[in-house]
Amino acid sequence: MNDLNNAPVLVVGAGIMGAGIAQVAAQAGHSVMLFDMRDGAALEAKDKLTSSLNALVAKGKLNADAVAQTLSRISAISSLQEAAAAGLVVEAIVEKLEAKRGLFQQLEALVSADCILATNTSSISVTAIANGLQHPGRLVGMHFFNPVPLMKLVEVVSGLQTDAAVAQAIFALSQAWGKVAVHARSTPGFIVNRIARPYYAETLALLQEQSATPAVLDACLRAAGFRMGPCELMDLIGHDTNFSVTQSVYEANFFDKRYQPSLMQREMVDGGLLGRKSGQGFYRYAADAAKPAIAAAQASPMPAAQSLWLHGRGPLADALHAACERALGTERLPDADAGAAPALLRDESSEWIGLEIKGCQLRMTDGRCASQLGADVAVFDLPLQTTQDTVLAWAPSSRASAAWTAQAEQWLQALGFNPQRVADTPGLVVARSIAMLVNEAADAVHQGVCNEAAADAAMKLGVNYPAGPFEWLALWGAVPVCQLLDALDAFYRGERYRASPLLRQRTWQD
Ligand code: NAD
């Protein structure tokens, strides 16, 4: 096999991805040939790259000599015949199986026997693209993310026939290009596009059930550390694109209900409400349109109570304990009698996490509705609180007294949260979204698509998640995650919330 570190690289397809890949390869010192079937497209791409890199030089962000060298290494070619010396081909053409297969078959006749063939496909099976090649073992997925120069992740995707040495060579090369590479098996959505599905799907399901507004759902997930809430993110990606990725993962999984697309999103696509690009999605994007705001955080005095029990154990219960201590300071609770028992008591033997005040319960969701748990009960969402943002969804039982409903909200405020009341929906917002992301990642690992470290790295670097699914699992615990999924499964009935076998096995180890 060629020494890829010095190999001439052929990039086929000079669109948004091909141009980015050419830039990254040239910056790493490779001589790069850029080809596009549309006449003049490769030259145009190089011109565009020249202007954008020179603009960065003018702003002082890049070194002029380095940019000149990078650009001198890229040549636009007008015939694939000129690419016989390539040691690596990276294909970034149209996302169509027949086009990709045809291109690679044509290339096999031109390049040397040890040239590696890589495809940047985001959704087509690498195994299927290799079908028909004389040497299918040399075809591998090299899945970059957009924009290529900025996004660190490369999924190195092996099809059924990909040689392990080929995948390893591309893994090492990606690292040499300054990327973080992860191995993935060629399955629908690979790692990122598969594990990310529930981020959109759970919010779409909550919207369909009228549990909360897009603004509240977005605010809850932003407070959990996501850079963008799912609604604003779908508006940015475009509902047509987002819907079609969901649909392709659904179809590729033989219509497994877990991946079922949303009727609501379908209607938005049909109606042309595509998001930012059409001026309207969940939000309006006209120049005069203001984004709907949510209720601001309010400081609330501590409600009257003689004692406060903190139930549960583990890092989430400990964080809540610390919030209680902060809220209480050194003061006694407002109506605590002189000489009364300590204001804040802890019961670590409880199977639930939350506060008990005068027999009323304020519980972290375990997947059951507040109304299922009793009368004077309120549930609150998984308080990840990785940012300064304090938004937290909560819901009172339908049988809660007006006094407890008001007090529950005040307690959340006193603990430093900005509580947003949503419908009494199982698993609320963040908890069900995170549980489903963890579940999808667990299934990917269970099915040998990737390992845990790859799943975590892929989600943090490919879609900027604040933590990896297995990091969330370590924080939250397999038992509560599985319990939450089981509660959702019992409530909704159907395939969607079935727990991954890997997660179920983990509950026996916890
Ligand atoms: P694009 O439409 O910007 O560019 C594709 C280019 O390929 C066009 O210039 C087109 O003329 C050329 N082309 C089409 N068929 C060709 C052929 N047979 N031979 C040579 N050139 C051909 O598309 P893009 O967004 O750059 O996507 C390219 C590939 O990368 C697709 O497989 C896509 O799924 C994948 N991808 C895209 C993204 C993204 O965010 N855009 C991210 C990851 C992967």
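**Entry 1. Surface and overall size**

By accessible area I mean the value from the Shrake-Rupley method with a 1.4 Å probe. With that in hand, I looked up the surface of this predicted model. The protein exposes about 21,500 Å². Carbon and sulfur atoms supply 52% of that area.

I then asked for the extent. Along the principal axes, the C-alpha atoms fill a box of roughly 90 × 50 × 45 Å. I counted helices and strands next: the protein has 20 helices and 15 strands. Of its 510 residues, 54% count as buried.

I also checked the charges. I found 40 positive and 49 negative side chains. The centres of the two sets lie 2 Å apart.

**Entry 2. Domains and contacts**

How is the protein divided? Domain 1 covers 9–186. Domain 2 is made of 193–294 + 431–510. Domain 3 runs over 309–421. I looked up the C-alpha centres of domain 1 and domain 3, and they lie 53 Å apart.

I turned to contacts between residues at least 6 apart in sequence. Of these, 71% join residues at least 24 apart.

**Entry 3. Cores**

Which residues have the most contacts inside the largest nonpolar core? They are Leu10 and Trp476, in a core of 126 residues. Helix α16 (residues 430–446) gives the largest share of this core, 11 residues.

I followed Trp476 and left aside its neighbours within four places in sequence. Its contacts include Ala431, Ile434 and Ala435. Leu316, Met364 and Leu382 are also in contact with Trp476.

I searched for a cis peptide bond. One joins Asn146 and Pro147, with omega about -5 degrees. Pro147 sits in the loop between β6 (139–144) and β7 (153–158).

Next came positive phi values. Lys358 is not a glycine, yet its phi is about 50 degrees. I placed Lys358 in the loop between β11 (354–357) and β12 (360–364). Leu428, also a residue other than glycine, has phi near 45 degrees. Leu428 lies in the loop between β15 (418–421) and α16.

Are these two buried or exposed? Lys358 has a relative accessible area of 56%, so it is exposed, the cut-off being over 50%. Leu428 is buried because its relative accessible area is 0%, and buried means under 20%.

I picked Ser174 in helix α6 (residues 164–176). Its relative accessibility is 0%, so Ser174 counts as buried. What is Ser174 in contact with, leaving aside its neighbours within four places in sequence? I found Met142, Val154, Val156, Lys179 and Ala181.

Then I picked Met459, which is in helix α17 (residues 452–462). Met459 also counts as buried, because its relative accessibility is 0%. I compared Met459 with Ala196. They are 263 residues apart in sequence. In space, they are 7.7 Å apart, C-alpha to C-alpha.

Ala196 is in contact with Met459. Beyond neighbours within four places in sequence, Met459 also has contacts with Ile191, Val192 and Ile195. Asn464, Tyr465 and Pro469 are in contact with Met459 as well.

Conventions
Residues numbered from 1 in each chain as written. Predicted model: local features only at pLDDT ≥ 70, side-chain atom pairs only at ≥ 80, totals over all residues. Heavy atoms only, no water. Helix = DSSP H or I, 4+ residues; strand = E, 2+ residues; numbered from the N terminus. Buried < 20%, exposed > 50% of the residue type's maximum accessible area, 1.4 Å probe, protein only. Contact = heavy atoms within 4.5 Å. Lys, Arg positive; Asp, Glu negative; His and termini not counted. Charge placed at Lys NZ, Arg CZ, Asp CG, Glu CD. Core = buried A, V, L, I, M, F, W, Y, C linked by side-chain atoms within 4.5 Å. Domains from an automatic or database assignment.
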